[in-house]
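Me: Hi! I have a new model open and would like to talk it through with you. Can you take a look?

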Amino acid sequence: MLPRICSTLVAILGPLFVMGGEAAAADRPNVIIFLVDDMGPLDTSVPFMVDAAGQPERYPLNDFYRTPAMEQLAARGIRFSTFYAMSVCSPTRTSLLTGQNAARHRVTQWIRSEGNNRGPFGPPDWRWEGVQDAAVTLPGVLRGAGYRTIFVGKAHFGPIGEPSEWPDNLGFDVNIGGCSWGQPGSYYGEDGYGAIRGNKRRTVPHLEKYHGTDTFLSEALTLEAEAAIDAAVAAGEPFFLDLSHYAVHAPFQSDPRFADHYADSGRSQQAQAYATLIEGMDRSLGEILEHLESLGIADETLIFFLGDNGSDAPLGPAHGHTSSFPLRGKKGTHYEGGMRVPFIAAWAEPNPDQPCQQRLPIAAGAIQQQPGTVMDIYPTILNLAGIEPPANHPIDGVDLAPQLAGRTNPRRRDRFLMHFPHDHRSSYFTVFRDGDWKLIYHYRPDRSDADGEGARYELFNLGSDPFEKHDLAAEEPMELRRLAGEMTAALAAEQALFPVDKAGGEIRPVLP
Ligand code: CA
């Protein structure tokens, strides 16, 4: 329906819109966030890990997965060897919307569609209803500045019945497929994405025209995203597209287009199915890149490609060196495999003569080793578009511009605070990274009183031990104490909420 309305508008008001579009291109480039659910940094043929000399280093998983479009995008732009998200979905998605850390925005746990997912010892006041204020969200702010804001895919911003259930209420003009669900009822068009077969309580909405066809979900979302891009271009409006794939989240259903590629891999059926989800997501990226080129807007379109939490690849124990080997841990854990994600930033077509690219130069084929986080995308986009952030809205992210140009940002403190006061594969923890040091605090509310007796620290030096094999908490008491103090101060600065003990008393970290 939307394209028909737009083409009618263009017929009436065409010249006005086209003029507006040309004027806008220089300082209002199109922006695409290409978000992949549960994708880790090793779930790709693009190497994100680096050796001691800072050169890309391949691991066996890089040779298992096939992601040629990601290879193309990486060649056009810069990727980060260390990019942090939160350990589960909704906290990261809310950080992308707000530019704030989870400790501050307080959507600290994945949102359960049917109710409060606090867990037995989670903070009673955590924001289980999701963010509600469209005035401060990234799409809301961009819409106010003249962008057409488009959401396609998995939202998972809020529970059923709250305004946050629907992306339309959070600053998006267009929503296709986004709702409260954190996973699809099915990836198959034959199943109606859950409407006909599969988990009917998780049917992906708005895709009825593909029901009963052999259109895999990732492909349906791609076609819808392309149509929404077409409508924005026809209207002469710059667009912000959040294309958030349901892939590669469970259920791990094999995409028949790619199944042959993994049949002889010797890996389990589940692992093979997961690889087909990865390749189908990559096919989507390739099609979007081609589509931008065909419309002649690739050199005025910025792409941020990333995952929303650590890998959930079905390859082994949650806390082992498996799903993101050589990194330790997977989605939901406090190790690097829980919160490291792939991140690539690129102009869809590099063109140094394009004014918007001159405003934000991006090094081609480069790897950035200084860390970045999901909070950084909000201020980076607003600065590029010359848009003032909302008043009284603290932002924890840092503009990535110097790092995207291939430089180190000397003003950036290499710190990351990840606060998770709930239960999951790893439960009730805070991670605090400062330079090479990584401190982990385990609140252990099941055995702690309000004084934190029974809590436990872990300490790793990621410079000398990047795969978290040697806990130094006992060997480095001075460093442990210093970092614990810094972590406590950072939690206070972001007004974090804490787990509670059996009596309901708040458990704050106790210095070692
Ligand atoms: Ca996720």
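Reply: Happy to. One term before we start: two strands count as paired if DSSP finds at least two bridges between them. With that in hand, four strands form an open sheet in the order S11-S12-S13-S14, and their pairing is antiparallel. Keep in mind that this is a predicted model.

Me: Which strands stand at the edges of that sheet?

Reply: Strand S11 (415–420) and strand S14 (456–461). Each has a single partner strand, so one side of each is left without a neighbour in the sheet. The twist averages 10 degrees from one strand to the next.

Me: And how many bridges join S12 to S13?

Reply: Six bridges, between strand S12 (residues 429–434) and strand S13 (residues 437–442), which run antiparallel. As a landmark, Phe429 stands opposite His442 in S13.

Me: What packs on the sheet there?

Reply: Helix H13 does, touching S11, S12, S13 and S14. Its direction makes about 110 degrees with that of S12.

Me: I clicked on Met487. Where is it found, and is it buried or exposed?

Reply: Met487 is found in H13, which covers residues 477–493. Met487 has 24 C-beta neighbours inside 10 Å, and the cut-off for buried is 20 or more, so it counts as buried.

Me: What is Met487 in contact with?

Reply: Leaving aside its neighbours within four places in sequence, Met487 is in contact with Thr430, Phe432, Leu439, Tyr441 and Pro509. Pro509 is 22 residues away from Met487 in sequence, and their C-alpha atoms are 8.9 Å apart in space.

Me: OK, zooming out. How many helices and strands are there in the protein chain?

Reply: There are 13 helices and 14 strands. The radius of gyration is 22 Å, close to the 24 Å that the globule rule gives for 512 residues, so the chain is as compact as a globular protein of that length. The C-alpha trace spans about 70 × 50 × 50 Å along its principal axes. Buried residues make up 55% of the 512 residues.

Me: Which residues have the most contacts inside the largest nonpolar core?

Reply: Ala228, Leu241 and Leu439, in a core of 146 residues. Helix H8 (residues 269–295) gives the most to this core, with 10 residues. Ala228, setting aside neighbours within four places in sequence, is in contact with Ile150, Val152, Val174, Ile176 and Leu241.

Me: Why is S6 largely enclosed?

Reply: Because seven of the seven residues of strand S6 (residues 239–245) are buried, it is largely enclosed by the rest of the structure. In a regular strand the side chains alternate between the two faces of the sheet. Both faces of S6 are covered: Phe239, Leu241, Leu243 and His245 are buried on one side, and Phe240, Asp242 and Ser244 on the other.

Me: What joins S6 to S1 and to S4?

Reply: Six bridges join S1 to S6, running parallel, and Ile32 has Leu241 as its bridge partner in S6. Six bridges also join strand S4 (residues 148–153) to S6, again parallel, with Gly153 standing opposite Ser244.

Me: Last one: which residues of H11 are buried?

Reply: Ile377, Tyr378, Thr380, Ile381, Leu382 and Leu384. That makes helix H11 (residues 377–384) mostly covered, with six of its eight residues buried. Those buried residues pack against S1, S7 and several helices, including H4 (89–98) and H6 (138–144). Just after H11, Gly386 takes a positive phi of about 65 degrees.

Notes
Residues are numbered from 1 along each chain as its sequence is written. This is a predicted model: local features need pLDDT of at least 70, side-chain atom pairs count only at pLDDT 80 or more; totals for chains, interfaces and linings use all residues. Helices (H or I, at least four residues) and strands (E, at least two) are DSSP runs, numbered from the N terminus. A residue is buried if 20 or more other C-beta atoms lie within 10 Å of its own, exposed if 12 or fewer, and partly exposed in between; C-beta atoms are placed from the backbone. Two residues are in contact if their C-beta atoms, placed from the backbone, lie within 7 Å. The radius of gyration is taken over C-alpha atoms; the globule rule is 2.2 Å times the number of residues to the power 0.38. A nonpolar core is a set of buried Ala, Val, Leu, Ile, Met, Phe, Trp, Tyr and Cys residues joined through C-beta atoms within 7 Å. Axes are lines fitted to C-alpha atoms, for helices over the stretch in contact, and angles run from 0 to 180 degrees between N-to-C directions.
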